[in-house]
Amino acid sequence: MTRTVTLVLVDATGRPLGALPEYEVESPWWQEVDPVVRGAPVEVSVLRLLDGHGDRPGVGGRVRYLAEVAEPPAVPLRPTPVDLAPHPLRAPYAEPGGPAASVAWARAVLDRLGRPAGEVTQRRTWNLSAIWRLDSPHGTAWLKQVPGFFRHEAAVLRRLGTVTPGRVPVLLAADGDGRMLLDHVPGEDRYDADTTERAAIATDQHDLQVRALGLVDDLVADGVPDMRGPALARWIRATIPPSALPATDPLDALEDRLAQVARCALPDTLVHGDLHPGNVRGDGARRVIIDWGDAFVGHPAFDILRLTEGLPASSAAPLLAGWCARWRDSVPGCDPERAVELLRPVAALRMAAVYAMFLAGIEPSERIYHADDVPQYLARAASEIG
């Protein structure tokens, strides 16, 4: 599958210049802009999605982006009306001048570290992050910039780097406002991991969560969301719009369910929040868990439920059994099996609330990525309760 791309150009001041002729790129994923940049007839920085149309949001079809150029290109441009009005929810990296400012920050950091950057490649941009790769003879680094609701990721990496070195990306620097510079992690994202590899990921995460038990108070003080027990229930109720709830209200008796979970006696710890195999990078020798923007302090079962989400029962069962056995060994007398079953609908509710948070925190043109996710997870929660 491919996508057909149109770039609407502006200069560094935001002045509209017109649109390039459309062209095909080999990757269908709208947020992946590396092939968009490589396929353009002029040097560009992609700023943000303008609109897209296809069979599935975020995949294939025809897509328009706003892109910045240093000067008007010597190629024909088509006059194209486009709304360039500012928006209060727009990410800094989606504004003219934003990518250049972020790359300049990263270059300055690498200069201070004695590993000046050479080639810089824009890899991704959308409402959840912008990512650039910075290569040089001194090694590769990655610049990642996230919106405000993910800003605690740097604090998570900094804390985990002290207790679980090698299990998470090395944080080289952070500006406190969403920019992070990360050392390169060799390997590939493990989207196609089989159940054996998922079991290894679950074991890695268990060890990390046990080591993080002593960091809970520090993490909350750093701004990592506190989703322990009643706080999780309050956040879910405050975040999911009442108009989105299905006829069978999955929020009914939420607090009672979480009280029963507490009696299962598993400790609250750091939760990744989106522990699917694509958020693990491996090279055959080691695995590194990446993308900690969804992290929170709460019940450890949320990660194993995410890691087994969508698997057939026959594949999920041994992964869950292994997870339960490890927690019974770590916390004698706890009841992990009961906790998992109680938290199944809550896990779906939490995901619905996460996507509702995204929708409330991003500008309208970017909401197409997440518009279907809230009702899907609410329906799953209702089915898990039923």
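Residues are numbered from 1 along each chain as its sequence is written. In this predicted model, local features need pLDDT of at least 70 and side-chain atom pairs count only at pLDDT 80 or more, while totals for chains, interfaces and linings use all residues, and side-chain values use heavy atoms, with hydrogens and water left out.

**Exercise 1.** Work out how the axes of helices α4 and α9 are arranged.

*Solution.* Start with the helices, which are DSSP runs of H or I, at least four residues, numbered from the N terminus. Take α4 as residues 195–211 and α9 as residues 313–330; their axes come within 10 Å and cross at roughly 25°. Axes here are lines fitted to C-alpha atoms over the stretch in contact, with angles from 0 to 180 degrees between N-to-C directions. Angles under 35 degrees count as roughly parallel, so α4 and α9 are roughly parallel to each other.

**Exercise 2.** Is Gln209 buried or exposed, and what does Gln209 touch?

*Solution.* Next, check accessibility: buried means under 20% relative accessible area, exposed over 50% (1.4 Å probe, protein chains only). Gln209 has 1% relative accessibility, so it counts as buried. Finally, skip neighbours within four places in sequence: Gln209 is in contact with Thr269, Leu270, Val271, Pro300, Asp303 and Trp327. Contact means heavy atoms within 4.5 Å.

Notes. Helix = DSSP H or I, 4+ residues; strand = E, 2+ residues; numbered from the N terminus. Parallel < 35°, antiparallel > 145°, perpendicular 65-115°, else oblique.
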